[in-house]
Amino acid sequence: MLENKEVRFEKDIETSLTNEGGWESVAFKDTNYNPQNGLDTSLLVSFVQETQPKAWKRYVRIYHEDAEEKFIKRFNEEVNAHGMLHVLRKGVRDRGVTLQVIYFRPVSSLSYENIEQFKSNHFQCIRQFAYNNRNTIDMALAVNGIPLVALELKNQYTGQTVEHAKVQFENDRDPNEIVFQFNKRFLVYFAVDHYEVYMTTKLAKHKTYFLPFNQGSNGAGRVGGKGNPHNEESYPTAYLWEQVLNRNQFMDILERFMNFEAKKNILIFPRFHQLDVVNKLVQDVEKHGSGKNYLIQHSAGSGKSNSIAWLAYHLASLHDENNDPIYSSVLIVTDRTVLDRQLQDTITSFEHTTGQVEVIGDNKTSQDLKDAINDKKKIIITTLQKFPVIYDEVDEAAGRRFAILVDEAHSSQTGSSAQKLKQALADKAASLKEYQEIEEGIEDQTLDDQDQLVNTLLSQGQHKNLSFFAFTATPKEKTIEMFGTKQIDGSFAPFHIYSMRQAIEEEFILDVLSNYMTYKTSYKIAREIEDNPELPKTEAVRAIARYQSFHPWVLRQKTEVMIEQFREVTKKAIGGRAKAMIVTPSRLHAVRYMKEFKAYIEEKGYTDLDVLVAFSGSVTDDDNEYTEPGMNITKDGERIKENQLKVAFNSDDFNLLIVAEKYQTGFDEPLLHTMFVDKKLRGVKAVQTLSRLNRTMQGKKDTFILDFVNTEDEILEAFQPFYESTTLQKEVNLNLIYDTQSKLRKFALYNDDDIAQVMKLVKQAQKRQDERLLGRMSSLFMPVIKRYEDLPDDTQYEFRVTLRNFGKWYNYVSQLDRTFDMELLEESIYTGYLLKFIPKEKREKVDIEDKIKLEYYKLQKDFEGEILLVAENEKGGELKHPEEFNANVKPVEERDSLEEIIHRINERFPNDFSPQDRVIVETLHKAFTEVKDAKIVNMAKNNSQEMFENSLFKDVFLDRVMDEYTKNTEAYQRLIGADDSYFKTVYAFIAADVYKTLRSEV
């Protein structure tokens, strides 16, 4: 007869834990558990007495016969003050005596004493753990009498699931009872059935927040969704007790994973994919040693900062089979100029890291980085930008090995800063031996004999003493080849995956494409002047598009749509606390939108809305200079500094943020619910920008995106490669760099002698640079530039692009492979300098504003719904390198009449404009400002704007509208019809603008 009751499930788990997991099965009745203390006090005391006899003897001298009672009292005081996790790691301190309550496993097998101490722990598996006189938990795991893990088990055969276990924790376990108090006894609670596991570290009745603790539908580190794969050997959830709760793994989690975040008052237990990626990376490094690269594609919401911190801590203490440290130092390198605070806090919270972690933040220099590397600090956190300053000042790296953890690995890792990092840390002595084998005449030379060019060659390619661990959610082609794992078929794939799909299905992030709306813009341009000048077609089309995008009526219409949509949709979300971001195409757009938003909010009298703007530097508009701090003002009239903007936006005072190339990546604000997009977004940039909305928080159920520019197909195309796994079809053909070099030479602008003359000066500058050397070098490029300027425009274009391609691809190829090609290196240095002297492309400036007018403008909803990404799509995430490094041939710039250019633009839009789409504001504005009425000028000159708009101008405006209505009834029908809000909008727009125009001319 099949046993299928819950008790069988309990028994099976117990059997695994005791036979394979290193735990001892103990019946609850055989323990001395004390419900008042939430401990088996006699076992804890006997553990301390047996393992630390000298310290206990000192303790007894202090407290005599009260020693046991005083110890338990002091234990509780320490736990209440600092938390259980702290006491497990630091022990109990009392009057100069430190008593450990647990011993962790040593990282090196050399320490016999520490190994014996670890074995002296009492690991108990207790079924039906009676935590008080009335109630039991299905299973508890205790170490030295301290209950640390609680499991509620449910069985599908009896009609119960993991959801029942969660409810039981929420309803039946009192968080005020000592054993359930946060960070006082139990540190983690697992709700388990045959198929799923959920976990929490804090019981809080109905506010308890459970996280899924599953592998993923295809197993950990693989592409898949939520849940667990089937298990031919046992239960689908057996990984919990077979791997995670194995005593060695569990003790490692206690010592080197779990983390208490004091600011948030939360205890972090690693999610399964975090535990899995650290373990698999550590195992691979133990097997292969240093010198391999790893790509970790973990989605937003994966807890990347913690994963990096935990990996760094483990790598820093990793030993090889000879018990020697594998890495001399672990460097965490980020692109961000502001280092990740969470990452720093996590690493520095661990035991044994004091004095071993060096954070090279904004307040430190590149020289501090150099000192940290030379002083062999175990963990160094820094930015990539600090390496170019010190790369040639770091002590010889021979015999030293480095693990480099790259946060958000992108194409910057293939650039010159990344090369300087390698030059600083690579074991060039090892690559010199390689070089000596193929280069005659340097067999007896040492590294000190080599000039900087040779050192550059030696640092190229991969190095046995450098391991890169690159984390990103959106890897590009170069990133995948540089850090990815080569497959049997020649393709490249990530070492470990936690996909966007899994993160969404597990509800760690929200699906930002589930509620998407696009608007279609149509417009018609009319010629405003009698002349019909010939203009360069491309520049004229650009100028007209720019004119349309900046047109006050266009900005006004979009502003109205955004603010009213915010009030209708966003304002109700997250308990009324939701916020929105407006993504603009330029800094000037951001400034104009800021002014428009402010004016609209004031005009409508909306007191519950306020807006901030984010852009770098200063912007000049209408002869006025605008800066971010100058435009961002609190309700009290104080300016908001740039570094205060995030905090201000998070407050209740502001709910709209207009951005131009700021806060589109790395900005983590869970209250951000809505995004209004008025900018073309492609590829990784689209994913990173829209993903600002995906952060979860209590009460946040969905997101909303309104897009004025991109279609649903374009967004789908951007997201699909990063939904599951991103792979590379095949490696780049390294010899393409020689093809590009040949293409450059065919232009016949420079030759080997030109390169040799420049390189002679470059080498001379390495020893001594006098006051004339730089000038002599600049002079050498003059004949080349003269020959360049004699080329036809389209050939100049082709040369410029080929020159840039050569530099970009040389940087990349040299990171992948060490060719020892000095000629190629010298040409890359030469062309890098040459590029700086190449004149920028001359564009004929086209001023169009006084030649055209916006005759019709139509903004209409085009799509509303969910953009569905395709799962299990093997080719959906496959990227390819270019087959050739070619410069596309630039089309010849054609000229055409203004009339024809306008006609071509208008042809793009269907002729479905109604009279109501006519942009009448332009006509009305010109009627008041081009032929000036002395009476109106006087009104503007002698009165405040409020008096002008609210009283004096109204009658004049209405008279003019009636005059225009008699000339064009259909166009003005809506303005004087029943739609009062439209009349008010147009009136406010015209009144404010006429007032400013007339006043400026007074």
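Which backbone oxygen does the side chain of threonine 200 reach? I will come back to that in a moment, after a word on the model itself. This is a predicted model, in which local features need pLDDT of at least 70 and side-chain atom pairs count only at pLDDT 80 or more, while totals for chains, interfaces and linings use all residues. Residues are numbered from 1 along each chain as its sequence is written, and side-chain values use heavy atoms, with hydrogens and water left out.

To the question, then: the side chain of threonine 200 reaches the backbone oxygen of lysine 202 at 3.2 Å. Threonine 200 lies in strand β8, residues 197-200, where strands (E, at least two residues) and helices (H or I, at least four) are DSSP runs numbered from the N terminus. Threonine 200 counts as buried because its relative accessibility is 4%, buried meaning under 20% relative accessible area with a 1.4 Å probe and protein chains only. Leaving aside neighbours within four places in sequence, threonine 200 is in contact with Val188, Tyr189, Thr208, Tyr209 and Phe210, contact meaning heavy atoms within 4.5 Å.

Turning to the chain as a whole, there are 37 helices and 33 strands, and buried residues make up 54% of the 1002 residues.

The largest nonpolar core has 136 residues, and those with the most contacts inside it are Phe71, Phe190, Phe469 and Leu690; such a core is a set of buried Ala, Val, Leu, Ile, Met, Phe, Trp, Tyr and Cys residues joined through side-chain atoms within 4.5 Å. Not counting residues up to four places away in sequence, leucine 690 touches, among others, Val512, Tyr516, Met675 and Phe719. A second, separate core of 70 residues includes Val611, Val846, Phe948 and Ile990.

Next, a pair of helices: α20 (residues 537-550) and α22 (residues 587-604) pack at an angle of about 25 degrees, with their axes 11 Å apart, the axes being lines fitted to C-alpha atoms over the stretch in contact, and angles running from 0 to 180 degrees between N-to-C directions. That makes α20 roughly parallel to α22, since angles under 35 degrees count as roughly parallel. Here Arg546, Ser549 and Phe550 in α20 meet Leu588, His589 and Arg592 in α22.

Finally, phenylalanine 781 is placed in helix α29, residues 773-789, and is buried, with a relative accessible area of 1%. Apart from residues up to four places away in sequence, phenylalanine 781 touches Val758, Tyr830, Tyr833, Leu834 and Phe837.

Notes
Buried means under 20% relative accessible area, exposed over 50%, partly exposed in between (1.4 Å probe, protein chains only). A polar contact is a pair of N or O atoms within 3.5 Å; within protein, one must be able to donate a hydrogen and the other to accept it, and residues adjacent in sequence count only if both atoms are side-chain atoms. Angles under 35 degrees count as roughly parallel, over 145 as roughly antiparallel, 65 to 115 as roughly perpendicular and the rest as oblique.
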